[in-house]
Amino acid sequence: MSLETVKATTGRVLGVDYGEARTGLAISDATRFLANGIGNVQGGGLEKTAARVLEAAAEQGAVAVVLGLPVNMNGTEGPKAARVRELAALIEEKLPVYLMDERMTTMSAARYLNETNTRGKKRKGVIDTLSAQIILQNALDRLR
């Protein structure tokens with residue numbers, strides 16, 4: 001789906017950073033100006049992750065999903081991108097999904113956590129959420 005399809009909808013948008021162990025989640029405000037992290041869901045396979053993402057979307061009143069697509073630095077896609085596309089297909093049965101290039105988002109999140117001196121278990125718990133927030137904020141900025 002294109003970003004224009006998301007633009008044609010009205011309402012909140014859920015941002016997702018898929019991971020095998022944890023999947024980070026973020027939600028836009030009603031005006032689609034700001035993205036806010038809302039936590040993460042634990043792994044458990046694509047079907048369970050899709051169900052949890054859809055559950056979070058329903059709880060938050062999201063009408064669309066922006067899902068981070070892990071593209072290699074040379075522009076190619078690897079096995080993780082294929083899994084993200086599978087996840088997108090499962091979510092798309094219920095909600096529109098836009099795949100957003102997520103290159104550098106985890107690095108940006110890690111840099112921010114370094115600057116704020118966030119370490120250990122706390123860091124592990126928030127890096128996926130922060131990555132989802134960055135992915136969603138990038139998409140919201142492109143929508144404007």
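Strand S1 (residues 12-17) pairs with S4 in the parallel sense, over 5 bridges. Within this pairing, Val-16 has Leu-67 of S4 as its bridge partner. The model described here is predicted. S4 is also joined to S5 by 5 bridges, and these two strands run parallel. Leu-67 again takes part, standing opposite Leu-99 in S5.

The protein chain as a whole contains 5 helices and 5 strands. Along the sequence, these elements follow the pattern α-β-β-β-α-β-α-β-α-α. The protein chain has 144 residues, and buried residues make up 44% of them. Among contacts with a separation of 6 or more, 65% are between residues 24 or more positions apart. The accessible surface of the protein chain is about 7400 Å². Carbon and sulfur atoms account for 53% of that surface.

S4 spans residues 62-69. Of its 8 residues, 7 are buried, so the strand is largely enclosed by the rest of the structure. In a regular strand, side chains alternate between the two faces of the sheet. S4 also belongs to a right-handed β-α-β unit, which it makes with H3 and S5.

Helix H3 covers residues 79-91. Its 13 residues should span 18 Å at 1.5 Å a residue, and its end C-alpha atoms are 19 Å apart, which agrees. The buried residues of H3 are Ala-81, Val-84, Leu-87, Ala-88 and Ile-91. Viewed down the helix axis, the buried residues of H3 fall within an arc of 115°, so they line one face of the helix. Their cover includes helix H2 (46-60), strand S4 and strand S5 (97-101). Both strands of the β-α-β unit are therefore among the elements that cover the buried residues of its helix.

Helix H2 has 15 residues. From its first C-alpha to its last, H2 reaches 21 Å, close to the 21 Å expected at 1.5 Å a residue. Leu-46, Thr-49, Ala-50, Val-53, Leu-54, Ala-56 and Ala-57 are buried in H2. These residues cover an arc of only 160° around the axis, which puts them on the same side of H2. On the other side, Glu-47, Ala-58 and Glu-59 are exposed. The buried residues of H2 are covered by elements that include S1, S2, S4 and H3. H2 in turn is part of what covers the buried residues of H3.

Gly-61 follows H2. The phi of Gly-61 is positive, near 75°. Ala-30 is 31 residues away from Gly-61 along the chain, and their C-alpha atoms are separated by 9.4 Å. Ala-30 lies in the loop between strand S2 (22-28) and strand S3 (35-42). With a relative accessible area of 62%, Ala-30 is exposed, because the cut-off for that state is over 50%.

Technical notes:
Residues are numbered from 1 along each chain as its sequence is written. This is a predicted model: local features need pLDDT of at least 70, side-chain atom pairs count only at pLDDT 80 or more; totals for chains, interfaces and linings use all residues. Side-chain values use heavy atoms; hydrogens and water are left out. Helices (H or I, at least four residues) and strands (E, at least two) are DSSP runs, numbered from the N terminus. The expected span of a helix is 1.5 Å times one less than its number of residues. Buried means under 20% relative accessible area, exposed over 50%, partly exposed in between (1.4 Å probe, protein chains only). The arc is that of the directions from the helix axis to the C-beta atoms. Contact means heavy atoms within 4.5 Å. Accessible areas come from the Shrake-Rupley method with a 1.4 Å probe; for residues, only the protein chains shown count as cover. Two strands pair if DSSP finds at least two bridges between them. A crossover is right-handed if, with the strands pointing away from the viewer, the path from the first strand over the helix to the second runs clockwise.
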